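Thanks for coming. I will go through one structure today, starting with its pockets and ending with a few backbone details. Please have a look at it first.

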Amino acid sequence: MYFVKRTIVFIFLLINASQNLSFADDSPPLPVVLWHGMGDSCCFSFSLGAIKNIIENEIPGVQVISIRIGKDTVEDVMNGFFKNANHQIEEVCNLLANEDSLKNGYNAIGFSQGSQFLRAVAQRCPQPQMQNLISIGGQHQGVYGLPRCPSLDHGLCNRLRQILNHAAYYQFVQNNFVQAEYWHDPLQEDEYKKYSIFLADINNERTLNQTYKDNLQKLKKLVLIKFTEDSMVQPHETEWFGFYQPGQSEKTQSLQESDLYKEDRLGLKQMDEDGKIDFLQVHGDHLQFTADWFIDNIIQKYLK
């Protein structure tokens, strides 16, 4: 009789466990939020439209929200150049907060400048909670170079960079030109920290905003992807949160060598020590990766 009772209890526990497992398997996958880069849009079939399709094919039932700023794709592209980044982020924060399907959290993937924009969302707007932030070619320490310039020693590139550097921190330029808002001049660190209305703020380089630090540390994973032959982003070390050594524009330093890390102004040192930052690299030019690479290294590891 004792054996029969134990058997009945054991069967009951097995049934209960099976029901719990079935419930977990039936739960919908976390939604995915995408934000495109400069010169792109939410929905072009050859860019984020294709990425959206890949994710939906690999994760049945997933909701994919591709951020569009403006009433159509044309406005979306133009706003990537001319709409104040802080205003864009405020708009996206409101959009996500009013999306019921995100109430249990979501994963986010930023492409190029969309990466630092989504990081700002994580820091400024923790509800709904971003779980994993995947930065593909993002410029987290800013840029100090022009797209497709072959070399920092190229005469025309240097001349144009000097002109942009002269005007980048003017209030009008900061308020109206997106790329100026993450332009980081290592030769004028004080000017950058004083007048950068976006990057210097989200990197906690003016004052320590503890909320930014606390919110970023709530991420389960921060995934930083660098392109080793990047001709669009200078320096490409910024994609791993590295940058030029202060006071010059030739030698670079890693995130771990920077004051941002040593002073732990964003909590990145703690996150790194806790294994919450993954550093991946792709051997190729800016945003040049295959569907197979994306499935194996992003979807399988961080979205499923």
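Which helices, H2 or H13 or both, each supply at least two residues of the lining of the largest pocket? Both H2 and H13 do. Before I go on, this is a predicted model: local features need pLDDT of at least 70, side-chain atom pairs count only at pLDDT 80 or more, and totals for chains, interfaces and linings use all residues. Residues are numbered from 1 along each chain as its sequence is written, and side-chain values use heavy atoms, with hydrogens and water left out.

Some terms. Helices (H or I, at least four residues) and strands (E, at least two) are DSSP runs, numbered from the N terminus. The pocket search runs on a 1 Å grid over the protein atoms alone. A pocket is an open set of points with protein on both sides within 12 Å along at least five of seven lines, a cavity is a set of points where a 1.4 Å probe fits but cannot get out, and lining residues have an atom within 4 Å of a point. Grid points are joined across faces, edges and corners, and a volume is the space filled by probe spheres set on the points.

Back to the largest pocket. The volume of this pocket is about 730 Å³. Its lining has 37 residues, and Met38, Ser112, Met232, His286 and Leu287 lie nearest the centre. H2 gives the most to that lining, with four residues. By class, the lining divides into 23 nonpolar, twelve polar and two charged residues. Here Ala, Val, Leu, Ile, Met, Phe, Trp, Tyr, Cys and Pro count as nonpolar, Asp, Glu, Lys and Arg as charged, and the others, Gly among them, as polar.

H2 and H13 also touch each other. Two packed helices are described by the angle between their axes and the distance between the axes. H2 (residues 48-58) and H13 (residues 291-303) pack at an angle of about 55°, and their axes are 11 Å apart. Axes are lines fitted to C-alpha atoms, for helices over the stretch in contact, and angles run from 0 to 180 degrees between N-to-C directions. H2 and H13 are therefore oblique to each other; angles under 35 degrees count as roughly parallel, over 145 as roughly antiparallel, 65 to 115 as roughly perpendicular and the rest as oblique. In the contact (heavy atoms within 4.5 Å), Ile51, Ile54, Ile55 and Glu58 of H2 meet Ala291, Phe294, Ile295, Ile299, Gln300 and Leu303 of H13. Those residues divide into eight nonpolar, one polar and one charged.

From H4, the residues in contact are Ala85, Asn86, Gln88, Ile89, Val92, Cys93 and Leu96, and from H5 they are Phe117, Ala120, Val121 and Arg124. This contact divides into eight nonpolar, two polar and one charged.

Next, the second largest pocket, with a volume of about 280 Å³. Its lining has 14 residues, and Glu189, Lys193, Glu205, Asp259 and Leu260 lie nearest the centre. Helix H8 (189-195), strand E6 (243-244) and helix H11 (259-262) are the elements that give two or more residues to this lining. The classes are four nonpolar, four polar and six charged.

How many cavities of 30 Å³ or more does a search of the whole structure find? One. The largest cavity has a volume of about 40 Å³, and residues including Val121, Pro128 and Leu219 line it. By class, that lining has seven nonpolar, two polar and no charged residues.

Last, the backbone. Ser112 has phi near 55°, a positive value in a residue other than glycine, and is found in the loop between strand E3 (106-111) and H5.
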